[in-house]
Amino acid sequence: MSTTVPSADSAVPVSPGLQAERDHLAAARDALRRMREDVEDSELVLGDVVNDKVTNAALRRGRARRLAALADVPGAPLFFGRLDFEPGTVFLDDGPDAPAPASAPNGPGAPAPAPAPGDEPDRVHIGRRHVHDPDGRPMVLDWRAPVCVAYYRASPSDRMGVRTRRRYGFTTLDRGPHAEPEAVLTAFEDEPLTVTPAEADQRAGELLSAEIERPRTGPMRDIVATIQPEQDDLVRAPLSTTLCVQGAPGTGKTAVGLHRVAYLLYTERARLSRSGVAIVGPNRSFLSYIRDVLPALGEVDVRQTTVTGMLTAGLPERARPAAGWVRRTEEPAAARIKGRARMAEVLRRDLWSRLRTPEEPVVVRRGSRRWRLYPEDLRPLLDELAGRGVAYGSGRELLSHRIAHAVLSLMESQGEACDDRTHEQVRRDPAVRSAVTAMWPKADPLKLVLGLLTDPDRLARAAEGLLSPEEQAAVLLPGRPRGPKSARWSEEDLALVDEAAALIERPAGLGHIVVDEAQDLSPMQCRAVGRRCVSGSLTVLGDIAQGTSPSATTDWSTLLEHLGKPTGHLSVLNRGYRVPAQIIDFAARLLPSIAPVARRSRTGDAGSGHPFAPVSVRRAAGSLRVTPAVDGLAASVVDACRAALGGEGSVGLVAADTDLPALREALEAGGLPTPLLGEADTGPDAGRLVAVPASLAKGLEFDAVVVAEPAAIVEAEERGANRLYVVLTRAVSTLHVVHVRPLPEALRDA
Ligand SMILES: Nc1ncnc2c1ncn2[C@@H]1O[C@H](COP(=O)(O)OP(=O)(O)OP(=O)(O)O)[C@@H](O)[C@H]1O
């Protein structure tokens with residue numbers, strides 16, 4: 001049975017069922033407001049002695065966080081679904097006060113018993129936040145609660161105790177510039193789980209397509225109302241599991257990663273709020289695109305960064321070049337060499353080659369007496385420590401203790417009384433300190449890498465047997481930088497700096513890291529991410545066919561090894577949600593050349609001939625147009641963009657980075673000023689039409705995409721054909737390819 005009232009207009013009569021749901025929504029909103037007020041009114045100030053001030057500040061931060069987590073989500077209803085369970089499945093008695101364990105009383109395929117008169121179901125509304133009434137009775141359950149699993153996974157063949165699943169349609173009312181938009185329920189659809197599996201599939205498919213095709217106007221939105229069973233499996237995998245997800249374009253990898261973070265924070269909040277969680281994405285435009293998803297799910301405390309952002313966060317601000325840490329793009333060949341894992345050994349050798357065996361004795365004066373340690377006494381101390389596998393930085397400290405201990409042994413053998421104070425005094429004695437500095441010099445990661453990459457002889461010593469002379473020449477830094485601040489670092493250099501920093505002092509660990517577009521990480525970058533997660537776990541998301549970096553991986557198991565998680569569990573997502581079949585079939589023609597099957601990793605076959613191709617869940621007639629630009633590229637692109645703006649939602653014009661300026665000028669001249677993605681203050685929500693350099697298209701999507709001159713995108717870089725594959729798979733509804741030059745061979749005759 002389904003009820004649909006397509007309008008939010010109060011003049012249109014609504015069915016009693018829909019009215020009841022609207023009333024419940026209004027009551028839940030009131031209850032959430034009261035929950036917020038309770039937090040706002042909570043007493044914070046304990047006093048003004050110093051300790052209390054510290055505690056107060058922490059309490060204030062905690063309160064701000066709780067308030068942010070209790071914020072209503074403007075434009076989205078507080079609940080998106082409802083489950084009617086068999087009576088007694090969820091609640092112990094006849095009310096929602098006492099939840100029972102969420103076990104499924106009916107085994108897979110068990111028929112639904114016919115409801116007896118008065119046989120009221122256990123009813124739960126499901127939303128992004130938990131909301132309870134003033135008596136503590138749940139009005140909306142958080143989607144992450146165990147009982148809500150059934151919303152995503154129950155099916156006619158395994159009902160999990162559910163009689164009926166209800167999904168809501170809503171519309172967002174714009175309340176003017178000074179008020180938040182308001183979500184109004186306009187419809188609901190009931191899915192009895194007593195139908196045949198085929199009927200259920202068809203109905204669920206229609207709902208899903210409607211949700212995916214809802215026009216986009218801004219940053220990515222959550223998919224919490226329509227997470228699919230294969231996605232839910234990954235979202236709810238336990239924290240201890242490191243997951244690696246190979247997924248073709250638009251299969252929901254990013255969405256899964258973000259929802260998994262929200263889920264883990266719900267189930268393991270205490271552990272993860274101590275250790276921290278981070279999301280690592282390919283670039284700042286992507287981060288800006290995904291920025292609203294976690295806050296919409298009530299999670300406001302997750303760091304979202306790029307790999308380089310993560311690696312440079314701990315570097316001293318005073319050493320930061322004025323133009324930013326990354327000032328140079330590495331040539332592909334040099335990038336590959338610098339990205340290889342063996343660079344870690346080059347750095348290790350260079351760092352530890354700084355140890356010096358002493359040539360002079362250490363002489364400690366105490367009163368009228370002098371205590372001497374000779375080089376032959378000191379050398380074993382140095383060798384023993386160097387062989388123990390300690391971090392370089394802590395070795396200095398340990399050496400000073402060893403030397404003090406040896407001096408104290410001498411003193412005691414001569415009848416001197418020694419205690420801990422004597423040990424500390426000897427350890428801090430200037431003679432001991434300067435011996436330590438001579439034997440175990442201080443090290444700074446930036447200076448170490450700078451020194452190594454600007455001194456061919458030093459590099460040759462460290463790289464012997466690891467890098468050929470040509471490879472050594474390729475990794476040297478350009479120019480003659482005087483110090484770290486004037487060096488022109490590349491992203492690959494900064495991964496080396498991070499390796500050096502970790503050799504000196506091990507970095508603090510995080511509880512969980514999600515790495516998106518992980519196929520592009522070099523082995524050295526993987527090591528950098530992995531060492532921040534030694535005792536935590538990772539969610540590694542990517543697509544081998546979308547690898548565009550010089551070091552892009554061709555094999556997930558190797559990448560997992562570099563991340564330090566060789567037993568990570570590999571899963572494949574192959575149901576494509578974003579891109580209609582006509583478009584994905586067109587783009588997938590590139591796959592045999594960009595991701596030859598011989599290079600496939602342990603993935604399953606998607607069923608469409610290539611292991612990395614998705615099977616689209618949607619077909620959309622007329623979604624693909626490929627047209628030669630008869631009036632020249634710019635004029636045709638302007639026409640294509642104008643036509644795309646005739647439809648609903650967002651429009652992305654994607655072209656080779658160097659082609660974009662001329663195209664933007666033509667658009668401006670044609671009355672369509674088009675902001676550039678990545679420009680200050682322009683995110684994907686800057687306007688309906690945005691110009692996207694091909695190099696920044698990864699991970700983004702638009703309702704309509706215009707791609708200008710594929711040949712130029714292919715030519716722009718070494719893995720340009722992979723880049724083109726990324727670019728061609730950004731469209732949700734329509735893709736229009738405009739070209740003057742011949743298309744890449746695989747795409748001809750479209
Ligand atoms: N279960 C779902 N319900 C509704 N929309 C979905 C679902 N799964 C994915 N989508 C939508 O499909 C689109 C693609 O999702 P997402 O960006 O997570 O895919 P991806 O695998 O990371 O793609 P790419 O590799 O191309 O970056 C998004 O708009 C997302 O909201």
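Let's start with T254. It counts as buried, because 25 C-beta neighbours sit inside 10 Å and the cut-off for buried is 20 or more. T254 is found in helix α6. If you skip the neighbours within four places in sequence, T254 is in contact with I290, D516, L541 and G699. Keep in mind throughout that this is a predicted model.

Staying in that area, have a look at G250. Where is it? G250 sits in the loop between β8, residues 243-247, and α6. Buried or exposed, then? G250 counts as buried, because there are 28 C-beta neighbours inside 10 Å. Its contacts, again leaving out neighbours within four places in sequence, are G576, Y577, R578, V579, P614 and T729.

Which residues come nearest to it? There are 23 residues around the ligand, and of those T226, P249, G252, K253 and T254 come nearest. As for the elements giving two or more residues to that shell, they are α4, residues 197-213, and α6, residues 253-267. By type, the shell splits into eleven polar, seven nonpolar and five charged residues.

Helix α1 runs over residues 16-41, so 26 residues, and at 1.5 Å a residue you'd expect a span of 38 Å; the end C-alpha atoms are 37 Å apart, which agrees. Which residues of α1 are buried? They're E21, L25, A28 and L32. Remember that an α-helix has 3.6 residues a turn, so residues three or four places apart point the same way.

A460 is in helix α18, residues 456-463. A460 is exposed, because it has 12 other C-beta atoms within 10 Å, and 12 or fewer is the cut-off. K338 is 122 residues away from A460 along the chain, with their C-alpha atoms separated by 15 Å.

Then there's A716, in the loop between α27 (710-715) and α28 (720-728). A716 has 19 C-beta neighbours inside 10 Å, so it counts as partly exposed. Not counting residues up to four places away in sequence, A716 touches A656, D657, T658 and A694. A716 and D174 are 542 residues apart along the chain, and their C-alpha atoms are separated by 43 Å.

Now the whole chain. How many helices and strands does the protein have? The protein has 28 helices and 22 strands. It has 750 residues, and 43% of them count as buried. Among contacts with a separation of 6 or more, 76% are between residues 24 or more positions apart.

Last thing, confidence. The mean pLDDT of the protein is 86, with 89% of its residues at 70 or more. Over residues 97-115 the pLDDT is below 50, and that stretch has 31 contacts in the model beyond near neighbours in sequence. Residues 598-607 are also below 50, with 22 contacts counted that way. For the complex, the predictor gives an ipTM of 0.98 and a pTM of 0.86.

Definitions and conventions
Residues numbered from 1 in each chain as written. Predicted model: local features only at pLDDT ≥ 70, side-chain atom pairs only at ≥ 80, totals over all residues. Helix = DSSP H or I, 4+ residues; strand = E, 2+ residues; numbered from the N terminus. Expected span 1.5 Å × (residues − 1). Near = placed C-beta within 6 Å. Nonpolar A, V, L, I, M, F, W, Y, C, P; charged D, E, K, R; others polar. pLDDT = per-residue confidence, 0-100. Contact = placed C-beta atoms within 7 Å.
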